[in-house]
Amino acid sequence: MPPARPLVHVVAGVLRDTEGRVLITQRPVGKSQAGRWEFPGGKKGDDEGRFDALRREFREELGLLVSHARPLIRYRHDYPDISVDLDVWLIRQCGGEPRGLEGQAMDWVAPEDLMAHDLLPADRPIATALQLPDRCLITGSFQSLEEFEERLCRALDAGIKMVQLRIPGAERNVLAGVAKRAQEICAPRRAALLINGEPRMAAEIAASVGARGIHVPARYLGRDVALDSLPPGLVGVSCHDRTELSAAIDMGADFAVVSPVRPTGSLPRAAWLRWEGFRELVAGLPVPVYALGGLNESDLEAAWDAGAIGVAGISAFW
């Protein structure tokens, strides 16, 4: 049996400018993987707190004084010779102008353009997380297309930037028709629309209306769904346990929605996770995760603290 890789705890920070671009730095000559780009940060000391380590790294590398940050995503990445516990924070407030104090080049990049840079392999889940908003609406019941439009517009006007179109049991033509109208409403508001359903059908509808991607119900996991055979787009997956999460990762999903954190009307007898169970379930996962189940916007801080990038909901936003 080969020796276990040493595990290193690394803190990294995401700093945005007024245009929404994020700061990345280039690894200088002399370091491993020199020339590749990464989010600034470094190793956490054994006796350091997570936030203290982040503040020190930003001060030493960039000359910035971080005063406020919140967790974004934390996961494990295995290199051939080392494992990294990558602990990523979103900088909310800091003082100073960034300077490459270690001789490193810097660049400000729009989140959707990060994948085009030669990022470290470990940093790619961060690039995905930065393209996902902290709230995701899952559409609920409606009696008419007019009611659907009214509810959707109201949610988008309240700041929702991601919509999962979910109509259980809908025939293909019905789902396609509502998806077309939903995309017409979402597009001018710069909101991402995902089509929930059987993956191939959902992908075809998403491509036909110009939606951002699809959302795969848990029942389709393990059915040999080949994402590379589908039109390109964002792929989310519903999950309830570690087995389903592992299948979603193996499938190549971009993110997961994990439920139920609390009791819900749709799952009244389900054993809910609570925040403790959610935190344990998603720890170390190399994909962004939304928390779902009896949650609303007031639960965002708790969700971030438990390892989620945000909350998803039906009744809270619909």
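Which residue in β7 does L23 stand opposite? The structure is a predicted model, in which local features need pLDDT of at least 70, side-chain atom pairs count only at pLDDT 80 or more, and totals for chains, interfaces and linings use all residues. Residues are numbered from 1 along each chain as its sequence is written, and side-chain values use heavy atoms, with hydrogens and water left out.

L23 stands opposite W108. Strand β2 (residues 22–26) and β7 pair in the antiparallel sense over four bridges; pairing requires at least two DSSP bridges between two strands. Strands (E, at least two residues) and helices (H or I, at least four) are DSSP runs, numbered from the N terminus. The open sheet runs β3-β2-β7, with antiparallel pairing. β3 (37–38) and β7 (106–109) are the edges; each has a single partner strand, so one side of each lacks a neighbour in the sheet.

Four strands form another open sheet, ordered β4-β1-β6-β5, with mixed pairing. β4 (41–43) and β5 (65–78) stand at its edges, each with a single partner strand, so one side of each has no neighbour in the sheet. Strands β1 (residues 7–14) and β6 (residues 83–95) pair in the parallel sense over eight bridges. V10 has L86 as its bridge partner in β6.

The largest nonpolar core holds 56 residues; L152, I195, V237 and F278 touch the most other members. Such a core joins buried Ala, Val, Leu, Ile, Met, Phe, Trp, Tyr and Cys residues through side-chain atoms within 4.5 Å. Buried means under 20% relative accessible area (1.4 Å probe, protein chains only). Apart from this core lies another, of 38 residues, including V8, L86, A192 and L292.

Note on methods:
Buried means under 20% relative accessible area, exposed over 50%, partly exposed in between (1.4 Å probe, protein chains only).
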